[in-house]
Amino acid sequence: MNRSFPHGGNVRALARAAGRDPGDVLDASASINPLGPPPWLRQVISAAVSDLVHYPDPDCTALLAAAAERYDAPAGHFTAGNGTSELLFALPRATGLARAVIPTPCYADYATACHKAGMDIRRLAAVEFDDFAVRLDHVEAALRTPSMVVLGSPGNPTGRVVPAEAVADLASRHPQSLFVVDEAFADFVPDFPSLAGADRPHNVAVLLSLTKSFAVPGLRLGLLAASPDLTGWVRANLPPWSVNALAQAVGTRALGDAEFLEKTRAALPALRHALTDGLARLGLEVVPGAAANFLLARLPAGAETSAAVCRRLLAEHGVALRDCANFHALSDRYVRVAVRPLDETARILAALAAVLDPPAAPAFFPKRRTPALMVQATGSNAGKSVLCAGICRALARSGLRVAPFKSQNMSLNSGVTADGLEMGRAQILQARACRLAPDARMNPVLLKPTSDKGSQVIVMGKPVGVMKVGEYINYKPQAFAAAKAAYDSLAAEAEAVILEGAGSPAEVNLQAHDMVNMAMADHAGATVLLAADIDRGGAYAALWGTMECLSESHRARVAGYVLNRFRGDPTLLDPANAYLRAATGRDVLAVVPFVRDLGLPDEDSVSFKDGEALPDRAAAGPDALDVAVLDLPRASNLTDIDALAAEPDVRARRVRNAGELGRPDAILLPGSKNTLADLAWLKETGLAQAVTALAREGMTEVVGLCAGMQMLGREVADPLGLESGREREEGLGLLDLATELGPEKTLTSTRARHAPTGEALYGYEIHHGRTTAPDSLTVTVVREDGAAIGYAAPDLPVWGAYLHGLFDADGFRRRFLNALRRRRGLPPIERLTPYDLEPALDRLADVIEANLPPATLRRLLGM
């Protein structure tokens, strides 16, 4: 038999009434903590699961000890129940009183519990012109015989607080009556004077709800604080094992978590103000009350009844408010609205505006957020950057104006925008996928590690300093503010934004100061796809484990999973996908196949360091050019090698020590973020001596790019300690150059020419160094303004340049390789191999569209 349920919060019934999925209903009819559950909830529940094989502690020993600690009263003064409702219904039977006095409007079950106990009920209606304040003098006048007085403080639905001292005074004057104070919402009120402590009068009982303040109403847990004889009588009227093991574990942890409640109380004023202001602008009159997490509001004159308004809000907009028409002393003009997060408040107000149709258009409401989709992952190098690039190109091909964004990127592969601002190469590639010019707003914060403990910090394309980890954590609020401002500006110009996370959102040591994963998703209002690299193994455990480490609000952002880099028949994954769905409530939305030789640059040096981008050994074959790339510890901009590695007659390989070097046709010294330390490493590994010897033999061409060119010189000085504590390091001495690192960083998009051949070059400069060269050196690269940015030794096959992207020019790259071929006695190759990322991006988009079609992407974007 269906029973009438007069309260708010029945989200399943609300969803049925609205014809919606429960997840699509914004439930503001139940007043639950707008911050959601505390982050430790799943951890505590998971740890307690093993205890489910035993009966729960019937005495709730640990729980009541925690209550005693929090409220500074003996444990015997408390008893626990399956929610305060169970305790409320047990109380009247335990008192022996025949009469109840209940000020209204109030929670309807006060009267229901008393009625079921056979009590005579006297309701004392508060009045609207007095803002529904509880008049204790009226209560006292009604106490002609001993009675049970039930008070809510803060009261539901008014939010009014009844002064604790006044209640204690009244109780002292009427010792034969019992005063029951429901403090279910007290945790939301700053400096609330609870009556649950040891100095509580003997005839005062206090109901304490943990499920509202800790946002776990489905767990059902409440406490009663009263005299030991009363708690004993109530306990005797409860069924055995009333409080289950999970509820006891969560309650014990919650009672000790003052920090979460302080955080809640700190967040509420701004949330309450936003709701109050919006309701007032729509013509609703908000009843003044305490600092609770809900508002009682009177509908404007001329509006439909509260029942009609609530019905339309639910049916037309999926928003549930509490119709207050069944509260004693309230008319059908009142609704109760829960205080919710700002984005939900905006939805509530917009829905009310549409239903009420006020004369003034709701122009004060914030504009609808730009639809946003974020790709996060279970760890680094799971393919987030490539997935984002593919999604960007797929959406761009469908006609959508889409932009990429990553709030904070840690990478040594960077590039320069047309206006001379530095940003990560991954976002430069993603911009190209969107058919946009690179914009520093797409990657507002870039970290370039200079050591294991510090990084150069670049904000909106400009360096702001080198910081150790602790220093950067202190700086992060400023960095995040810049990132949010950049996002807002960029999103305002786009129809959709594809955001990329970093590392994993489950890195619990970073969650408190996160600015790149869920914190950024919150700011953008982004739906999240969680990706895992299935080729590395452990993908399902990583996805499940990541979800277990997320707070409930952040779990709610995850729409589903992407299994990346899969080899084989995806139908073989069906049982595992079903298992993951059952465990986490989310589906695998796409299985993206492993794509060989995609032809796109890596975001950072991870693939290079792992040996995935370049092999460690030269391939066999008499006609293959052997190009050795020195694997410097702080190598940067390794994408400079991509165009060379793509040539069919080149076998590029990485080299980490002198024994691996051999006798290659060419040696490349890449850029570095710690030039002096990498110079020292070259000497320590014997590579410096080996490279110098090969260069002097004349059969191996040695090329230095940016910091690599600096290392080929006589010395590199860092008097300001910009990169490390080293002040000076002797170079390899193959070029007569001297470099000093200065505070000003050169950041420019550059067009140049190769002086000996006249070949056009293009790329960018990123360096702190100021290099001086004698006239005896040959100028090899000249910028379009005439400045020399590359030099060659007059008598050795050694040269270098400050130009990143030097080998991207097809004509120059082939000239360089043919010169190596001639030195080996091999015939030149005349046909050019175009280095063009467009075919690779379109190929990637084809793969994405086959597994995440544009229609699915648009649905995830809410479009």
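In what order do the 6 strands of the open sheet lie? The order is β15-β22-β14-β23-β24-β25, and the pairing is parallel. Strands count as paired if DSSP finds at least two bridges between them. Helices (H or I, at least four residues) and strands (E, at least two) are DSSP runs, numbered from the N terminus.

The model is predicted: local features need pLDDT of at least 70, side-chain atom pairs count only at pLDDT 80 or more, and totals for chains, interfaces and linings use all residues. Residues are numbered from 1 along each chain as its sequence is written, and side-chain values use heavy atoms, with hydrogens and water left out.

The chain has 28 helices and 38 strands. Its C-alpha atoms fill a box of roughly 115 × 55 × 55 Å along the principal axes. Of its 863 residues, 56% count as buried. Buried means under 20% relative accessible area, exposed over 50%, and partly exposed in between (1.4 Å probe, protein chains only). Contacts are heavy atoms within 4.5 Å. Among contacts between residues at least 6 apart in sequence, 73% join residues at least 24 apart.

M374 stands opposite V528 in β23. Helix α15 (residues 469-491) packs on the sheet and touches β14, β15 and β22 (496-500). The direction of α15 makes about 170° with that of β15. Axes here are lines fitted to C-alpha atoms, for helices over the stretch in contact, and angles run from 0 to 180 degrees between N-to-C directions.

L625, V627 and V629 point one way from β26. D626, A628 and L630 point the other way. β26 pairs with strand β28 (residues 650-655) in the parallel sense over 6 bridges. L625 stands opposite V650 in β28. β26 also pairs with strand β29 (residues 666-669), in the parallel sense over 3 bridges. There, V629 has L668 of β29 as its bridge partner.

Helix α23 (residues 675-684) is also mostly covered, with 7 of its 10 residues buried. These are T675, L676, D678, L679, A680, W681 and L682. G686 follows α23 and has a positive phi, near 85°.

Two helix pairs were examined. Two packed helices are described by the angle between their axes and the distance between the axes. The axes of helix α4 (residues 84-95) and helix α5 (residues 109-116) come within 8 Å and cross at roughly 40°. α4 is therefore oblique to α5. Angles under 35 degrees count as roughly parallel, over 145 as roughly antiparallel, 65 to 115 as roughly perpendicular, and the rest as oblique. The crossing of α4 and α5 is right-handed. In a right-handed crossing the near helix is turned clockwise from the far one by less than a right angle, and in a left-handed one anticlockwise. From α4, the contact is made by L88, F89, P92 and R93. From α5, it is made by D109, Y110, T112, A113, C114 and K116. The residues of this contact divide into 6 nonpolar, 1 polar and 3 charged. Ala, Val, Leu, Ile, Met, Phe, Trp, Tyr, Cys and Pro count as nonpolar, Asp, Glu, Lys and Arg as charged, and the others, Gly among them, as polar.

The axes of helix α10 (residues 258-281) and helix α12 (residues 342-356) come within 10 Å and cross at roughly 10°. α10 and α12 are therefore roughly parallel to each other. L271, A274, L275, G278 and L279 of α10 meet L342, T345, L349 and L352 of α12. By class, this contact has 7 nonpolar, 2 polar and no charged residues.

Two single residues complete the description. N637 is found in the loop between β27 (635-636) and α21 (642-645). N637 is buried, with a relative accessible area of 2%. Not counting residues up to four places away in sequence, N637 touches L412, N413, S414, K448, Y764 and H804. W233 lies in helix α8 (residues 228-236). W233 is partly exposed, with a relative accessible area of 47%.
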